[in-house]
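I opened the model to look up a few backbone and packing details. My notes follow in the order I took them.

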Amino acid sequence: MLRTRAILRASSLTRSYATASPPHALVFLEHNQGVIDPGSLSALTAATQLGGKATGLIVGDSEQVNSVLEKAKRIDGLSLLIHAASPQYKHTIPETVSPLLESLLKDSPFTHVVSAHSAFAKSLLPRVAARVDSPLVSDVTSLEHDASSNSTTFTRPIYAGNAIATVKAPSSVNVKFFTVRTTAFKAAGEGSSEAELSQVDPIEVDSPTEHVKTELAKSDRPDLASASRVISGGRALKNAEIFQKTLDPLADLLGAAVGASRAAVDAGYADNSLQVGQTGKVVAPELYMALGISGAIQHLAGMKDSKLIVAVNKDPEAPIFQVADVGLVADLFEAVPEIIEKMKKQ
């Protein structure tokens, strides 16, 4: 695959630092049922690579915040953990959280604002960045901070991963906002010390937007975004029943998450939450099995960083074989049952 490099420069602001200050990142930590999201732990790792301090921010209602604080304060890399509790933050929406984040940046030591490249952060960070007149770099896969010039250089994929853009935010940008591709950074683990806790008052706003409901697809399988093994199916699986009967037994044996191509999701074979690709989830597991997936560029953008890619397709010219480490040209309805039987004998 041809890879090109583009050089871009973030727009400069009128203000500038008199002297270079050590980087201090504010990391927005998303959480669910008392557990910090793995993507936020990857964002914290990216923040620590700046070479300075990292402060976490947690919001929610009182019950949510209290349930996650004890675990969160022991995460490696955090020096300070800011938290704000309000019924308004029980279901986070950008309109209610952005005023709080903006207020924390006023006359603050923060030089960077970091988050996972999640659905919520993609709404929150651009809103706040615009309010404070700062640029935002999204979906970052690597970064380097130059302390002498107080500038930060990021890389991010563009054109569905076919090119890598290098983006430099100069010292004239007082606060640099960026989201990270979670598969590009290792999740931060538990540290040997505890971060200092700091409670701040919530900012109550009369939001024109309200949370209506949350619908989650329940599954006992590993989370697709963070699973070490993923079994994905494509449109060749014909319908939802066959999709499930073919992939589930193999996924059960491997302890794997189940994914799907956009074509399979659009055809109704699988839930939208299982979509892997440019407009779905980006995964980088130890093992990725693509069954009946042709390998459209949009799908490859979401899984090509996997450590081991195994493809089964009856079309020897399928593009998926160009990125596969192991390829099998065969009818998946014959190959998959055979693979399952051999695995059961092991």
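I call a residue buried under 20% relative accessible area, exposed over 50% and partly exposed in between, using a 1.4 Å probe and protein chains only. This is a predicted model, in which local features need pLDDT of at least 70, side-chain atom pairs count only at pLDDT 80 or more, and totals for chains, interfaces and linings use all residues. Residues are numbered from 1 along each chain as its sequence is written, and side-chain values use heavy atoms, with hydrogens and water left out.

Aspartate 107 counts as exposed because its relative accessibility is 85%. I found aspartate 107 in the loop between H3 and E7; helices (H or I, at least four residues) and strands (E, at least two) are DSSP runs, numbered from the N terminus. I then looked up tyrosine 159, where phi is also positive, near 50 degrees. Tyrosine 159 sits in the loop between strand E10 (151-158) and strand E11 (163-169), and is exposed with a relative accessible area of 64%.

Entry on the helix pair. I noted that the axes of helix H3 (residues 94-105) and helix H4 (residues 121-131) come within 9 Å and cross at roughly 45 degrees. That makes H3 oblique to H4 (under 35 degrees is roughly parallel, over 145 roughly antiparallel, 65 to 115 roughly perpendicular, and the rest oblique). Axes are lines fitted to C-alpha atoms, for helices over the stretch in contact, and angles run from 0 to 180 degrees between N-to-C directions. For the contact itself (heavy atoms within 4.5 Å), I listed residues of H3 including Pro94, Val97 and Leu101, which meet a set in H4 with Leu124 and Arg127 among them.

Entry on the sheet. I traced seven strands in an open, parallel sheet, in the order E8-E12-E7-E2-E5-E6-E13; two strands pair if DSSP finds at least two bridges between them. Strand E8 (136-140) and strand E13 (196-199) are at the edges with a single partner strand each, so one side of each has no neighbour in the sheet. Neighbouring strands of this sheet are turned by 25 degrees against each other on average, direction ignored. Histidine 112 has lysine 176 as its bridge partner in E12. Last, I saw helix H2 (residues 62-72) lying across strand E5 (53-60), strand E6 (80-85) and E13, at about 150 degrees to E5.
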